[in-house]
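Hi everyone, thanks for making time. Let me put the structure up, and then I'll walk you through a few spots in it.

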Amino acid sequence: MSCSIKKKPIFIKVDDVKVTTIKSDTIRLKANAFFKNPNDISGKIATDEIKVLINGVEIAQVSSEEFKVPARKEFSIPLNVAIPTRKVFKDNKNGFLGGLLNSFLNKSIKVQFKGDLRYKVLGFSHIYPVDKIENINIKF
């Protein structure tokens, strides 16, 4: 009986990007990274190298713990982002604040998740580059 260990999980897509909450101190975004694991054993995926750009300006990083990958299943990893509103108002380079305010008036922002997901199992590792851009509607 043979088991597969060194096959990498198949990266399907990053999708379901949406604003989850807007408060006076924080804007929270969420997305999901979808995979299929053909391996007979589980592994782990780290998400700490993914940056979040809004309207082309880096504003935050994905915050989540290392995710345990289930064996022989399709799965998704939540990509959660908390953007401090003070950073939005402090970081006004390249007209970012004006662009963000314009986006809020138009009720749409361009969100980009860019970086790497790292899969690890039994000394074997693989990097998945992520570069997802999506225009999302803001609902107040």
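This is a predicted model: local features need pLDDT of at least 70, side-chain atom pairs count only at pLDDT 80 or more; totals for chains, interfaces and linings use all residues.

Okay, the core. The largest nonpolar core here has 29 residues, and Leu-79 and Phe-113 are the ones with the most contacts inside it. Who supplies it? Strands E1, E2, E3, E4, E6, E7 and E8 each put in at least two residues. E7, which runs over residues 108–121, gives the most, with 6 residues.

Let's zoom in on Leu-79. Leaving out residues up to four places away in sequence, Leu-79 touches a whole list of others, including Val-14, Leu-29, Ile-50 and Phe-113. Thr-47 is on that list too.

So what about Thr-47: is it buried or exposed? Thr-47 counts as buried, because its relative accessible area is 1% and the cut-off for buried is under 20%. You'll find Thr-47 in strand E3, residues 43–54. Beyond its neighbours within four places in sequence, Thr-47 is in contact with Val-62, Ser-64, Ile-77, Leu-79 and Leu-117.

Now the loops. Arg-72 is in the loop between strands E5 and E6, and Leu-122 is in the loop between E7 and E8. Look at the backbone here: phi of Arg-72 is near 45°, a positive value in a residue other than glycine. Phi of Leu-122 is also near 45°.

Arg-72 counts as exposed because its relative accessibility is 52%, and the cut-off for exposed is over 50%. Leu-122 counts as exposed as well, at 66%.

That's my tour, so over to you.

Note on methods. Residues are numbered from 1 along each chain as its sequence is written. Side-chain values use heavy atoms; hydrogens and water are left out. Helices (H or I, at least four residues) and strands (E, at least two) are DSSP runs, numbered from the N terminus. Buried means under 20% relative accessible area, exposed over 50%, partly exposed in between (1.4 Å probe, protein chains only). Contact means heavy atoms within 4.5 Å. A nonpolar core is a set of buried Ala, Val, Leu, Ile, Met, Phe, Trp, Tyr and Cys residues joined through side-chain atoms within 4.5 Å.
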